[in-house]
Amino acid sequence: MRHGGGRWAALAAPGGGAAGHVPEIRHAVVDVLARECPGVDLSAAALVVTELAANVVTHAYVKPGPLDVEVVCEPDAAVVTVRGWGRGFGRSIRRGMGIGLQIVAALAESFASMASSRRRSRRAWLGRDRADRGRRRRHGDARVRILTAGSRFAKIVALDRRLRQGVLSE
Amino acid sequence: MAVGEVVVERDEHAWVVTLRGEHDMSTNPSLRDALHEVFGRGSKVVVDFSEVEFIDSTVLRALAYGRKEAVEHAGHELVIVAPSGSFVRRVLRLTGIDAMLSVYQTRTDALVAN
């Protein structure tokens with residue numbers, strides 16, 4: 001059975017230098033999902049892809065590096081994988097998920113279940129392969145499933161208490 | 001899909017920050033830049049999202065900054081315009097921010113509210 005989808009590669013640069021790639025990737029992903037993954041909540045998908053790509057652009061690199069995004073349409077879901085290589089992301093995760101990743105966890109079915117376990121979530125996010133050690137470090141794979149049945153936008157999520165204090169982490 | 005635009009205007013009783021299009025980390029100037037500018041002059045600030053198609057967490061952080069400014073400084077006030085059912089309203093509800101800020105259906109409602 002043929003599954004739709006697509007794959008995009010961009011250059012991520014620290015300091016917001018590659019921020020312009022984030023809307024480009026969002027538009028490309030939404031276009032493919034609209035065409036090939038009927039039923040997916042495009043608003044939720046746009047937000048998930050944006051937050052994950054922005055995370056790589058913001059945290060992964062001290063100098064320009066690759067950003068890969070892949071979308072696979074399954075019968076009941078769209079699976080989005082965002083991947084970067086470099087450093088910096090581990091420290092941000094140790095401080096806890098910021099609002100961007102909390103939104104991803106709230107909207108994406110499988111990421112939400114990973115996020116329920118902090119240890120598993122960290123492992124999943126850091127995702128460093130044994131084979132990669134000593135060579136190129138993998139920044140992290142974020143693989144999320146967005147279901148075609150129903151929208152999780154209706155759910156009100158109690159986000160981190162920092163939100164109420166008006167100090168949002170990245 | 002339109003690139004994000006931020007327009008700052010002076011109303012009789014408030015500064016009005018109108019956003020249009022899509023807003024994320026690439027938008028320049030950002031909502032935070034605009035809020036910093038208008039709160040520097042004091043007064044009530046209305047942020048109008050009626051013509052916005054997309055926001056990400058950078059916009060939410062800007063709103064949190066605006067709320068903090070409004071809470072900590074007498075005479076500062078921050079109110080939001082986001083029609084029911086819009087993308088922005090959905091994100092505000094998802095994150096619980098709609099319970100922390102005054103959110104109105106129309107700019108007229110927001111301007112007359114006290």
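Me: At roughly what angle do the axes of α2(A) and helix α4 (residues 99–107) of chain A cross?

Reply: This is a predicted model, in which local features need pLDDT of at least 70, side-chain atom pairs count only at pLDDT 80 or more, and totals for chains, interfaces and linings use all residues. Residues are numbered from 1 along each chain as its sequence is written, while chains are lettered from A and ligands numbered from 1 in the order in which they are written. Axes are lines fitted to C-alpha atoms, for helices over the stretch in contact, and angles run from 0 to 180 degrees between N-to-C directions. The axes of α2(A) and α4(A) come within 9 Å, and the angle is roughly 145 degrees.

Me: Is that crossing left-handed or right-handed?

Reply: A crossing is left-handed if the near helix is turned anticlockwise from the far one by less than a right angle, and right-handed if clockwise. By that rule, the crossing of α2(A) and α4(A) is left-handed.

Me: How many nonpolar residues does the contact of α2(A) with α4(A) have?

Reply: Two residues are in contact if their C-beta atoms, placed from the backbone, lie within 7 Å. On the α2(A) side that includes A:Leu47, A:Val48 and A:Glu51, and α4(A) brings, among others, A:Leu101, A:Ile103 and A:Val104. Ala, Val, Leu, Ile, Met, Phe, Trp, Tyr, Cys and Pro count as nonpolar, Asp, Glu, Lys and Arg as charged, and the others, Gly among them, as polar. Besides two polar and one charged, the count of nonpolar residues is nine.

Me: What about helix α1 (residues 21–36) of chain A: how far from α2(A) is its axis?

Reply: These two pack at an angle of about 145 degrees, and their crossing is right-handed. Among the residues making the contact are A:Ile25, A:Val29 and A:Leu33 of α1(A), plus A:Ala45, A:Val49 and A:Ala53 of α2(A). By class there are 13 nonpolar, one polar and one charged. As for the spacing, the axes of α1(A) and α2(A) are apart by 9 Å.

Me: Why does A:Val144 count as buried?

Reply: A residue is buried if 20 or more other C-beta atoms lie within 10 Å of its own, exposed if 12 or fewer, and partly exposed in between, with C-beta atoms placed from the backbone. A:Val144 sits in strand β4 (residues 138–147) of chain A, and A:Thr81, 63 residues away in sequence, is 6.5 Å from A:Val144, C-alpha to C-alpha. A:Val144 is buried because the number of other C-beta atoms within 10 Å is 25.

Me: And why is B:Ala64 buried?

Reply: B:Ala64 lies in helix α2 of chain B, and its C-alpha is separated by 9.2 Å from that of B:Met100, 36 residues apart along the chain. B:Ala64 is buried because its count of other C-beta atoms within 10 Å is 24.

Me: How many contacts beyond four places in sequence does the model have for residues 155–170 of chain A?

Reply: Where pLDDT is low, the predicted coordinates should not be read in detail. Residues 88–94 of chain A stay under 50 and have 14 such contacts. Residues 155–170 of chain A also stay under 50, and their number of contacts beyond four places in sequence is 39.

Me: Which residue is joined to B:Asn28 by a cis peptide bond?

Reply: The omega of this bond is about 5 degrees.

Notes. Helices (H or I, at least four residues) and strands (E, at least two) are DSSP runs, numbered from the N terminus. pLDDT is the predictor's confidence in each residue, from 0 to 100.
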